[in-house]
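Hi there,

Here is the structure I promised to pass on. Have a look first, and my notes follow below.

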Amino acid sequence: MLGIQKTSEFKPSNLGIKFLYIGVLVLPTAPAIALLSLIFSLLLSSNNNPINFFKEKSNKYFIIISFLMILSCIVNSFDNSNKIIEEIGSLSWISLINWIPFFWLFWSFEPYLKEIRVRKAIAKFLLIGTIPVIFSGFLQYFFNITGPFEILNGLIIWYQRPLSITDGITGPFNNANYAGAWLALVWPFSFSLFITNKNKFKKLITTLFCLLFITALLLTNSRNAWLGMFLTIPVIIGFEYIFWLIPLIILIGLFLTFLISLIPDYLRENLVSFLTINIFNNFPENSLSLQEAFPRLNIWSFSIKAIFERPLFGWGGGTFPVIHKAINGRWIGHTHNIILELAINYGILTSLILSITVFRYLEKYYKFIILNSKTTLEKIKNNLTFEKAWFASILFISYSHLFDIQYFDLRISIITWILLTGLKASMI
């Protein structure tokens, strides 16, 4: 049951947990320092982890995925039949860093995250660590304080780029979509604290937190982040209906996008002049065709064609920009869909195994929460609200990767795998 600590003879390293907390706290603002701290935490946990890596069922899937990814790199390295692949060189091998080390993290952090007190502490450190992100965005947007700023000879870089009239805030992130994704995945924990705190002073503090997050999320001008913010509310409050609410919210979002695209340009300009946030500039013009209005359709179409040219082992990790530029003469950073990205890089089988594994954990966690949702005990109800917030966070980052890919920002990939690990650990 939720709220009852699991008993075990194994006691995870207190020092390792402290390194984990430090890593999470500074992750959005000092990722290089966070990485070092998290590596120390990983090493301390791996040294006495009671779970055998090779016998754990989920790890077997990750071993298979790792094997397929490495095999893809080998096959593509020795393929001299395609000039595009020859230009890629060692890029596909380097790109393995985006995946294989995180399979280790998934196994190593599990003993830490079994206890709800640790997961709650991680959520609070995420909130505290995100405050500088919010205020740096405010300084960027309202006071035109911009960078980039470098500290410790470039070890820490805050991009804090100058903004044009239609740009959203970025803070220390590379672009507004990444900043929006980070804020949207941390926002559920702020909202859950607001719901569960009854103390008047704490309620005031959590209300302030929520207002800061809402303002910052709106200022990112990221439709993906806006949708994530609104998605959180029904997930936490009306969880039992989530599997019909999510598609409904997405459909409403797409419909609103379509309606706004029909607004005449002159009227849209007038509306923009009355808004602090340039929301309407973030939607397609009504004069554009469907594919011009939604360029992702062209990207996805190209990706699918490329996948079926090399369905078994793909083209190699990180190769989509090279392929797209070689064929279309235009650089596009990624496929804007994580399932397509995995398939084009490593093959359809790898993409399916990893996608299904993640989906299964989401499904099991959903059933786990539903099983405990009928309790009337206040402590367990509060814990359940927190578990819903954890689910909302990983659910947002999962669905958002169907339309965009923020995964290749180290901060987002790290927190995604920590959230996924907590998802599994809480059900054991």
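What should the 17 residues of helix 2 (residues 31-47) span at 1.5 Å a residue, and how far apart are its end C-alpha atoms? The expected span, which is 1.5 Å times one less than the number of residues, is 24 Å, and the end C-alpha atoms are 24 Å apart, so the two agree. Helices here are DSSP runs of H or I with at least four residues, strands are E runs of at least two, and both are numbered from the N terminus.

Before going further: this is a predicted model, where local features need pLDDT of at least 70 and side-chain atom pairs count only at pLDDT 80 or more, while totals for chains, interfaces and linings use all residues. Residues are numbered from 1 along each chain as its sequence is written, and side-chain values use heavy atoms, with hydrogens and water left out.

Back to helix 2: A34, S37, L38, S41, L42 and S45 are buried (under 20% relative accessible area; exposed is over 50%, partly exposed in between, with a 1.4 Å probe and protein chains only). These residues cover an arc of only 145° around the axis, so they sit on the same side of helix 2 (the arc is taken from the directions from the helix axis to the C-beta atoms). L36 and N47, on the other side, are exposed. The buried residues pack against helix 1 (14-26), helix 6 (100-108), helix 7 (110-113) and helix 20 (410-425).

Overall, the protein has 20 helices and two strands, and 51% of its 428 residues are buried.

Best wishes

Key. Contact means heavy atoms within 4.5 Å.
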